[in-house]
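Visitor: I would like a close look at one end of this chain, and then at how the rest is packed.

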Amino acid sequence: MSTRTEYSKAQIILHWLVAILILVAWLTGDNMGRVLRARFDSGTTGFEGSTPHVWLGCAVFVLILIRLVLRRVQGAPGALPGSTEMMEKAALWGHRVIYLLMIAVPALGALAWFGGVRAAGEAHEAASNALLLVALGHAVVAIWHHVIRKDGALNRMRLSQKG
């Protein structure tokens with residue numbers, strides 16, 4: 001994977017699109033346990049009667065795979081100016097955790113919805129709450145970098161600066 005000085009337009013668009021879709025999917029997840037149980041009881045397949053929440057999760061999963069390929073091919077910016085070794089490790093592991101959750105949450109949801117694995121539904125719910133907390137922490141740290149450290153971290157994810 002190469003190291004770049006900035007993210008590409010495609011990476012930035014995918015970042016914000018995935019962030020919005022994850023938030024909307026989380027907000028539309030209410031009562032999915034009841035809907036899943038009703039689907040199990042009726043004996044229908046996962047493709048019949050799928051909810052917006054299910055399709056949002058599918059879209060997130062596909063877009064995350066595209067993001068991973070783009071990150072592998074195009075690379076990502078290096079450490080921010082003035083970063084300590086501890087900050088670099090925190091950024092590395094923070095991104096690893098968020099990517100792991102962005103893959104695990106829709107995968108567990110698909111396993112529950114399309115595969116009929118009830119336990120995966122409970123794991124999906126717990127992991128989705130963890131993803132939201134980690135994403136919130138990610139946003140707080142980005143804002144801290146921008147407002148307190150003034151190191152341009154948030155500018156890396158702004159389309160308006162791209163030509």
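Visitor: Does Lys150 count as buried or exposed, and at what relative accessibility?

Guide: This is a predicted model, in which local features need pLDDT of at least 70 and side-chain atom pairs 80 or more, while totals for chains, interfaces and linings use all residues. Numbering starts from 1 along each chain as its sequence is written, and side-chain values use heavy atoms, without hydrogens or water.

Lys150 counts as exposed, at 64% relative accessibility (buried is under 20%, exposed over 50%, partly exposed in between, with a 1.4 Å probe and protein chains only). Lys150 sits in the segment after α5 (helices are DSSP runs of H or I, at least four residues, numbered from the N terminus). Its phi is near 50°, a positive value in a residue other than glycine. Most residues other than glycine have a negative phi.

Asn31 also has a positive phi, of about 70°, and is not a glycine. Asn31 lies in the loop between α1 and α2. With a relative accessible area of 48%, Asn31 is partly exposed.

Val18 and Ile22, with Met102 and Leu131, have the most contacts inside the largest nonpolar core, which has 17 residues (a core joins buried Ala, Val, Leu, Ile, Met, Phe, Trp, Tyr and Cys through side-chain atoms within 4.5 Å). At least two residues of this core come from each of α1, α3, α4 and α5. A second, separate core has 7 residues, among them Met32, Phe40, Val54 and Ala112. Leaving aside residues up to four places away in sequence, Val18 touches Leu63, Ile64, Arg67 and Met102 (contact means heavy atoms within 4.5 Å).

The second largest pocket has a volume of about 840 Å³ (the space filled by probe spheres set on its points; a pocket is an open set on a 1 Å grid where a 1.4 Å probe fits, with protein on both sides within 12 Å along at least five of seven lines, and lining residues have an atom within 4 Å of a point). Its lining has 34 residues, and those closest to its centre are Met32, His53, Gly121, His124 and Glu125. At least two lining residues come from each of α1 (9-27), α2 (32-42), α3 (52-74), α4 (85-113) and α5 (118-149). The largest share, 8 residues, comes from α5, the helix that Lys150 follows.
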